[in-house]
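Notebook open, structure loaded. I'm jotting things down as I look them up.

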Amino acid sequence: MSHDHDHDDHHHHDNHFSPMEARVRALETILAQKGLIDPKAIDVIVETYETKIGPRNGARVVAKAWAEPDFADWLKRDATEAIASLSYTGRQGEHMRAVFNDGETHNLVVCTLCSCYPWSVLGLPPVWYKAPAYRSRAVIDPRGVLAEFGVTLPDDRKIRVWDSTAELRYLVVPERPAGTEGLDQEALADLVTRDAMIGTGLALAPLVRS
Amino acid sequence: MNGPHDLGGQHGLGPVAPEPNEPCFHGEWEKRALGVTLSCGAFGAWTIDESRHARENIPPATYLAASYYEIWIRALETLLQRHGFVSARELIEGRMLEKGAEPKRVLKAEMVPAVLAKGGPCDRPVDIAPRFAAGARVRTRTFNPTSHTRLPRYARGKEGVVETVQGSFVFPDDNAHGKGENPQWVYTVVFDGGEIWGEGAAPGLTVSIDAWESYLEPV
């Protein structure tokens, strides 16, 4: 631990790198020289979260729940299995729970202790989700937090905050917007934002088509 | 531990800063930080609970000023040294100086899809019935261990209701310190905002945590 306090000073010769760039580069170099990591594995991990595992997965889950009452029931009862039926299972989505917004209650998800987040349905968490401001305030001032996302709920709407303190990962199912009766599931999924599935947003209204 | 990570209810940490169209990574080093962290996790030398505790042990001023990938990298350096894979001197010099510990496995590119798809489930069977049922009134314990716990400070010594029995899971307070998985029942416990925050609590607010059985006492 003692090197923690002075470690930043060791990379001053790498002037063209920021301290963290230099630090991670040094670590990767050591690990690769020792044969402990495969740099190509890192490329595959990055590509997976850049192109394959992201909030479109969760949006498809929500759209299916909106369109198919039987699937919504399954998602309520056993989100892990219901989501696995769409193949969106895996790391940081091993134990899933879906929580449904309705006219009475709005759900908001946080991890006050670290950065727990349902990667398999939402991808990697945004910076703000992992940062102290959101983690400190979501549990004590959720309306203030929502206002910073441009979301104002009716005064009588209850707010339920889910602090992800164990290994359960939460997906918020937002309310289905009005005027979406004729849309297929891919069009419905377009309305489901990442923030709506965390609870810091609402589903989008459909575009008015002429 | 009552570390810098236990942030629920703290004031003064500023407004949330949502970033429109946020990119997946903010710079190349974040990609490498993610990949290196996951690759080293695959060694099988430490648990997710030990890695969380390593992050919690970052000095508070550093922790609060760091981005989350920086938190990961600082903790990873601690874990790699603790388990003999890398030395402090190697970190300073930025190159291999000696052969270190042998991992159980090295994550190769072709293994990545299967490893990510499998994840690391941590539900474990227990041979005793849950102590509490849905609807039970419970009080969280008051304690202040210097070791790892997943009971946040704001939710200690509070009365709430068991909403759901969620299953039995590895107990992080033990597992983080190499004391075994010792699985316990986990419950979603709901508290009224007023029970947690008292005067001035946001109206209509409830907060839930997922609590291991030993965090709870009957009321």
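This is a predicted model: local features need pLDDT of at least 70, side-chain atom pairs count only at pLDDT 80 or more; totals for chains, interfaces and linings use all residues.

**Entry 1: strand 4 of chain B.** I began with how covered this strand is: 8 of the 8 residues in strand 4 of chain B are buried. Buried here means 20 or more other C-beta atoms within 10 Å of the residue's own; exposed means 12 or fewer, partly exposed lies in between, and C-beta atoms are placed from the backbone. Strands (E, at least two residues) and helices (H or I, at least four) are DSSP runs numbered from the N terminus.

Residues are numbered from 1 along each chain as its sequence is written, while chains are lettered from A and ligands numbered from 1 in the order in which they are written.

**Entry 2: which way the side chains go.** B:Leu205, B:Val207, B:Ile209 and B:Ala211 point one way from strand 4 of chain B. B:Thr206, B:Ser208, B:Asp210 and B:Trp212 point the other way, and all of these are buried too.

**Entry 3: strand partners.** Which strand of chain B pairs with strand 4 of chain B? I found strand 3 (residues 184-192) of chain B, antiparallel, joined by 7 bridges; pairing takes at least two DSSP bridges between the strands. In that pair, B:Val186 sits opposite B:Trp212.

**Entry 4: the chain A/chain B interface.** I get 70 residues of chain A in contact with 72 residues of chain B, contact being C-beta atoms, placed from the backbone, within 7 Å. Elements giving two or more residues to the chain A side include helix 2 (39-52), helix 9 (142-148) and strand 3 (158-163) of chain A. Helix 1 of chain A gives the most, with 11 residues. By class, the chain A side has 34 nonpolar, 16 polar and 20 charged residues. Nonpolar covers Ala, Val, Leu, Ile, Met, Phe, Trp, Tyr, Cys and Pro, charged covers Asp, Glu, Lys and Arg, and the others, Gly among them, are polar. The predictor gives the complex an ipTM of 0.98 and a pTM of 0.95.

**Entry 5: B:Ala211 and the core.** Skipping residues up to four places away in sequence, B:Ala211 touches B:Thr140, B:Leu151, B:Val186, B:Tyr187, B:Val189 and B:Leu216. B:Ala211 is also among the residues that touch the most other members of the largest nonpolar core, which has 114 residues. Such a core is a set of buried Ala, Val, Leu, Ile, Met, Phe, Trp, Tyr and Cys residues joined through C-beta atoms within 7 Å.

**Entry 6: B:Ala201.** Is B:Ala201 buried or partly exposed? Partly exposed, because 15 other C-beta atoms lie within 10 Å. B:Ala201 belongs to the loop between helix 8 (193-197) and strand 4 of chain B.

Notes: Two residues are in contact if their C-beta atoms, placed from the backbone, lie within 7 Å.
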